[in-house]
Amino acid sequence: MSVRSFFLTQIFIWRAVYATRTTLNGLTLEQMLTYYGIATLIGCLTYDSTDWDLQWSIRTGSFLTYLLRPISYSFLAFAQKIGHRILAFWVESVPVFLIFFFVFKIRLVPAEPAWALLSLGLSFVLIFLTNYCIGITAFWLTKTEGIRRAFLSLRDLSAGMLIPLTFFPEWMQKILFYLPFQFITYVPTRVFIGHYELAGVSLPIPQVVALQFVATVVMYAVARVLWYFGIKRFTGVGA
Amino acid sequence: MRNNIRIYLQGAKTALATRMAYRADFFMSMLIMLLVEMTVPMITILIYQNGATFPGWDMYEALLIQGVFLLGKGIAAPFFFGIVWNTIERVQNGTFDLLLIKPKPVLFMAIVTGFDAEDLGKLVGGITLFTIALSRLPAPSLGEWLQFLVLFLLTLTVHFGYGLILASLGIVWIGNYRLYEIFGSITTFGMYPAAIFSKPVQTVITLLLPVAILGSVPATALLGRPSAGTLGAVGVAILFLLFSLGFWRWMLKKYTSVGG
């Protein structure tokens, strides 16, 4: 199930759940729908398929043609992502925004636009880097569909794309707090809302964005190391 | 008939052998398929644990509906729903022509070559959830089981119809994998009791689009509290199958080879 279209069902489901109550877990129906709206919007703006593209080209051997080019694969893939997301901004993000605004009367406007934009930018890079690492594992595994699915599922779950993380039991929230996945979607969603809280821990927005920056730098280093070792294993048969 | 079964089994065997070339990935994919399918039931459990409900339904009743939905999907996905990705992929890279020249109907060959071994994980997930939910509810009577089996057969028929329509669209709408996303979004409504939605939504998912029949309608029959419009849903499911078969033939005529 794609989380980008998940919100449509969720709106009807939550309306039914809220039919007999006004708040749930401290959230009103409007707040719940706003949460899903923001998560969907962020999902549209940062979506990435580098993992699939890279493993496909390694498996089929067409990766060889990229090595012959005078630019790095990572730069090419990142540039492609920017292009795709610019297109998606008009055909996905704007319609989602308008649907929420006109149909459900919900304004998806960030509480602090500058921080939200910065967090969104970091999330954009972070998703690219993590997916890039997943793609690199194809140098060892050749086919990485399983790892990819595992990562996407874990990411969507621990990022609160499917349900706000505060619905999870306390012990699970504590685990999620220490996992890096929250920096991909949960953190930008909370920065967009203007208030970060998980497992009973509240952090100021600048601090949480700074942590997100650190996570991005660490991920960049991991990607470089993986690439350094992975590229040595590539044999260009069947290009 | 026996010959066709032999061909189908050969297709399944080949698909399994191909997938086993990347054994670690295969088993991981199967496991993940199972876990991914448990996402909606997990959300349902979280909703109930936080003190909320789907009005009028207890947790295991709601889980049974989702179990039936996943069971149907678990049977469809590996055994015949592969026609969708198989057709889209073949049309895109030009190998669809190879199916056209086989001495068997194209649809049959698309099903045979579209066997999706890793989707068996979905079937395991469906059986597990269905069994767990059912074991926590009063045992259904023989009549309820019979009603369920008839309706569940229609569930599979509707899955087949959706598969046909998506595959047909893949013939003219080259390389569009977003079709899955659209299908996924629409059919998710079938995982919840139809009665919790507003009347217009209920009408749409029961009598206009066969969505409630994918989970809610057969499950509620098993629970002994049949959904409103069950008979209408049956009629719609049959009409849907006829429409999808016609649509497939129509789109097949529109196929233009790109030369491979």
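The sections below cover the basis of the model, the interface and the annotated spans.

## Basis of the model

This is a predicted model, in which local features need pLDDT of at least 70 and side-chain atom pairs count only at pLDDT 80 or more, whereas totals for chains, interfaces and linings use all residues. Residues are numbered from 1 along each chain as its sequence is written, chains are lettered from A and ligands numbered from 1 in the order in which they are written, and side-chain values use heavy atoms, with hydrogens and water left out.

## The interface between chains B and A

Contact (heavy atoms within 4.5 Å) links 30 residues of chain B with 36 residues of chain A. The buried area, meaning the accessible area (1.4 Å probe) lost on putting the two parts together and summed over both, is about 2700 Å², with 70% of it from carbon and sulfur atoms. Of the area that chain B buries against chain A, B:Tyr22, B:Leu46 and B:Asn50 supply 17%, more than any other three residues.

Helices here are DSSP runs (H or I, at least four residues) numbered from the N terminus; helix H2 (23-37), helix H3 (39-49) and helix H10 (178-187) of chain B each give two or more residues to the side that touches chain A.

## Annotated spans of chain B

An unreviewed UniProt entry lists "transmembrane region" for residues 26-48, 63-85, 145-167, 179-198, 204-224 and 231-251 of chain B; such annotations may be inferred rather than shown by experiment. In the model, residues 26-48 of chain B are 96% helix and 0% strand, with end C-alpha atoms 34 Å apart, while residues 231-251 of chain B are 100% helix and 0% strand, with end C-alpha atoms 30 Å apart.
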